[in-house]
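Visitor: I have a structure to go through with you. Could we begin with the overall fold and then turn to the details?

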Amino acid sequence: MYDKSFWNKRYSGANYIYGTTPNSFLAEHCGLLTGPVLSLSEGEGRNAVFLASRGLEIIGVDISIVALEKAKLLAKSHGVEIKTALADLAAYEPGENQFGSVVSISAHLPSAVRNRLYPLIEKSLKPDGILILEAYSENQLSRDTGGPKDSDMLMTVAKLHQELPNLESVLLREVDREVSEGEGHTGMASVVQFIARKKA
Ligand SMILES: C[S@@+](CC[C@H](N)C(=O)[O-])C[C@H]1O[C@@H](n2cnc3c(N)ncnc32)[C@H](O)[C@@H]1O
């Protein structure tokens with residue numbers, strides 16, 4: 001259902017579906033991040049452009065060519081450089097010991113994809129590297145304010161704990177918060193928030 005053509009169609013308008021300002025959880029904690037940064041499911045570039053404007057080298061991966069073209073335009077209009085990679089995270093190989101930080105904002109994936117990818121993400125971080133993740137929780141299913149309508153793609157604290165066992169948790173919680181991110185994510189939402197460090 002949420003495949004490449006779904007996303008290319010969703011991004012086909014001139015507007016930025018999730019806005020052009022960064023996710024607020026990421027913005028609040030961006031001081032923890034070092035580069036290079038890998039951003040999973042970067043979309044139209046709002047988070048990558050924000051991090052690049054803070055001087056971080058960033059590569060944004062996404063399955064949607066339409067989103068990444070818009071991300072490059074956004075970067076240009078802000079006078080910053082971002083790298084992009086058109087790839088399906090179901091097959092993506094991030095490499096080992098590559099990144100100071102990995103960012104995952106609303107990067108909802110089926111559990112089968114996460115089960116292959118997440119161990120690779122753990123390995124892709126350098127020692128002391130940081131993962132920062134915000135995702136809609138399973139409790140979001142009853143709301144109409146954003147996120148996939150598929151509990152397998154929604155997260156819980158327990159899933160994060162189980163699926164990324166080799167990272168040291170700095171913060172892991174579920175919260176209800178007001179989200180205002182373009183027309184795509186708007187209103188009261190249930191999210192999980194995770195900051196974790198790769199053991200040195
Ligand atoms: C809800 S959007 C979030 C975009 C961005 N992270 C943000 O916060 O603005 C989800 C993104 O996941 C991307 N995506 C979905 N499945 C993917 C996959 N298998 N591989 C790579 N990207 C994927 C979509 O193209 C879309 O840009």
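Guide: The conversation below goes through the sheet, the core, the ligand shell and some backbone details. Please note that this is a predicted model.

Visitor: What is the strand order in the open sheet?

Guide: The seven strands of the open sheet run in the order β3-β2-β1-β4-β5-β7-β6, and the pairing is mixed. β3 (83-86) and β6 (167-181) are the edge strands; each has a single partner, so one side of each lacks a neighbour in the sheet. From one strand to the next, the twist averages 15 degrees.

Visitor: And what packs on the sheet, touching β2 and β3?

Guide: That is helix α4, residues 65-78. Its direction makes about 170 degrees with that of β3.

Visitor: Back to the pairing. Are β1 and β4 parallel or antiparallel?

Guide: They pair in the parallel sense, over four bridges. Within this part of the sheet, leucine 40 stands opposite serine 104 in β4.

Visitor: How many bridges join β6 and β7?

Guide: There are 14, in the antiparallel sense. Leucine 172 stands opposite phenylalanine 194 in β7. The hairpin of β6 and β7 has three residues between the strands, and glycine 182 takes a positive phi near 60 degrees there.

Visitor: Which sense applies to β5 and β7?

Guide: β5 and β7 (residues 185-198) pair in the antiparallel sense, with seven bridges. Tyrosine 136 faces valine 191 of β7 as its opposite residue.

Visitor: Changing topic: which residues have the most contacts inside the largest nonpolar core?

Guide: They are Val37, Leu51, Ala52, Val102, Leu131 and Ile132, in a core of 50 residues. Strand β5 (residues 125-136) supplies the largest share of this core, namely seven residues.

Visitor: What is valine 37 in contact with, beyond four places in sequence?

Guide: Its contacts are Leu51, Leu56, Glu57, Ile58, Phe99, Gly100, Ser101 and Val103.

Visitor: Now the ligand. Which residues come nearest?

Guide: Of the 20 residues around the ligand, those are Trp7, Ser41, Gly43, Ile63 and Leu89. By class, the shell comprises 10 nonpolar, six polar and four charged residues.

Visitor: Where is there a cis peptide bond?

Guide: Glycine 35 and proline 36 are joined by one, with omega about -10 degrees. Proline 36 belongs to the loop between α2 and β1. As background, most peptide bonds are trans, and most residues other than glycine have a negative phi.

Visitor: Which residues other than glycine have a positive phi, then?

Guide: Serine 106 is one of them, with phi near 50 degrees, and aspartate 128 is another, with phi near 75 degrees. Serine 106 is placed in the loop between β4 (99-105) and α5 (111-124), whereas aspartate 128 is part of strand β5.

Visitor: Why does serine 106 count as buried?

Guide: Serine 106 counts as buried because 22 C-beta neighbours lie inside 10 Å, and the cut-off for a buried residue is 20 or more. Aspartate 128 counts as exposed because it has 12 such neighbours, and exposed residues have 12 or fewer.

Terms used:
Residues numbered from 1 in each chain as written. Predicted model: local features only at pLDDT ≥ 70, side-chain atom pairs only at ≥ 80, totals over all residues. Near = placed C-beta within 6 Å. Nonpolar A, V, L, I, M, F, W, Y, C, P; charged D, E, K, R; others polar. Core = buried A, V, L, I, M, F, W, Y, C linked by C-beta atoms within 7 Å. Helix = DSSP H or I, 4+ residues; strand = E, 2+ residues; numbered from the N terminus. Contact = placed C-beta atoms within 7 Å. Pairing = 2+ DSSP bridges. Axes fitted to C-alpha atoms, helices over the stretch in contact; angles between N-to-C directions.
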